[in-house]
Amino acid sequence: MVKRIKKAYKFRIYPNTSQKQQIEKTLGCVRQVYNEFLEMCIEKYAEDPSFKLRKFDLIKILPDYKEGYEYLKEVDSVALQQAVIHLHSAYINFFEHKGSFPKFKSKRNDHSYTTMKINNNIRFDGNEIQIPKLGRVKVVVSRLMPESFSFTTVTVSRVANQYYVTLTGEEDNPNSELFDTLEKLDVNKSIGLDFSLAHLYVDSDGNHADMPKYLQNELEKLAKLTRKASKCQKGSKNSIKSWQKVRKLQLHISNSRKDFLHKESRKIANKYDYVFVENLDLSSMQSKDTKMKLGRNVSDRAFGTFVNFLDYKLRWLGKELIRVDRYFPSSKTCSDCGYINNNLELNDRDWVCPICGKKHDRDVNAAINIKKEGIRLVLQKQ
């Protein structure tokens, strides 16, 4: 049986002037609908704390809401409907403790809108893509899509004055025969990874990833551009151009970081059957309130993104990522004799076990312990 996997393909598009205007109009309308419906939900909840947000109730309100704003009828109606659906998802996730409370969308930030493929209204034709209300838009297909790929949703986004289209759907997994062989995976072909601010990670074999500090390397230039943009008159052409330069540099930093993380996660996923990592609370480590003051450095490493990349790449190959409990004393435990050094401080990068005399590199020792604990969890599950 062929397994289907979720997949998304993102390509850059080059809309003409009228198409850019239509995209900007759609983004503005989507932002308005999202913000006003969010405000309505907040008001209703304030009046009645037992108020329950229902997706279809919001969708039913939309046609009457559009009657008050004629320009809303000039954009893709599915995009407006999807904005309401996204608001509902964000609202429900908050009350189920899966995310923060939905925020109002700012005009200044980069945005996107999502539409649906209905009756073949979205299709590729050579180097062009047909999109509702936009017509045929020039697209650069930077990677081939398999014939088995079928998409249902299309997201048009604007990032640093560049436009992209993302197709989200499913395709046949070429490694589907491996999905039923998890019990046949070799636990000896496994590795433990410990988060490292200096390298991204250190593994249980003593190796580490030499990840460049992409944000730190561009911080001075980014600060200079930001200062210049903040001094411009708000809403002026110079202000718009200056903030576009800021976002363009931010996009370059983000793309460079993701490129490294994709390559590193692919290398590990191809080599090992099991990968073990700690289930770290990275958001707390990045918080300004924490005593460690690691916010920018932790963010620059993007270890959470790296683990997510690793997770889905392993699953595509029929392999597995195991998360070890964050309270497991990986750094404090001697990987040779099991002694727990409760006096170990964060600044102690190496230590000597008083029982067996083994000298430990803090990160390598932690990675070895993470691997041992991960193997124990795998064997316990089997």
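Lys-224 counts as exposed, at 60% relative accessibility. This lysine lies in helix 4, and the model it belongs to is a predicted one.

Let's stay with the charged surface for a moment. Lys-224 gathers with Arg-227, Lys-228, Lys-231, Lys-237, Lys-241 and Lys-245 in a surface patch of positive charge. Two helices, helix 4 (214-231) and helix 5 (237-271), each supply at least two residues of this positive patch. Helix 4 gives the largest share, with 4 residues.

Where does negative charge gather on the surface? Glu-36, Glu-39, Glu-43, Glu-47 and Asp-48 form a patch of that kind. One of these residues, Glu-43, sits in helix 1 (residues 17-47). Glu-43 is partly exposed, and its relative accessible area is 45%.

Now for the cysteines. How many disulfides does a search of the whole structure find? The count is 0.

| Cysteine | Nearest cysteine sulfur | Distance |
|---|---|---|
| Cys-353 | Cys-337 | 3.5 Å |
| Cys-356 | Cys-334 | 3.6 Å |

A disulfide needs a pair of cysteine sulfur atoms within 2.5 Å. Cys-353 is in no disulfide, as the sulfur of Cys-337 is 3.5 Å away. Cys-356 is likewise in no disulfide, with the sulfur of Cys-334 at 3.6 Å.

Are these two cysteines buried or exposed? Cys-353 counts as buried because its relative accessibility is 2%, under the 20% limit. Cys-356 is partly exposed, with a relative accessible area of 38%.

Key: Residues are numbered from 1 along each chain as its sequence is written. This is a predicted model: local features need pLDDT of at least 70, side-chain atom pairs count only at pLDDT 80 or more; totals for chains, interfaces and linings use all residues. Side-chain values use heavy atoms; hydrogens and water are left out. Patches are made of residues with over 30% relative accessible area and no salt bridge: like charges are joined within 9 Å, nonpolar side chains (Val, Leu, Ile, Met, Phe, Trp, Tyr) within 5 Å. Accessible areas come from the Shrake-Rupley method with a 1.4 Å probe; for residues, only the protein chains shown count as cover. A salt bridge is a side-chain nitrogen of Lys or Arg within 4 Å of a carboxyl oxygen of Asp or Glu. Lys and Arg count as positive and Asp and Glu as negative; His and the chain ends are not counted. The place of a charge is taken as NZ of Lys, CZ of Arg, CG of Asp or CD of Glu. Buried means under 20% relative accessible area, exposed over 50%, partly exposed in between (1.4 Å probe, protein chains only).
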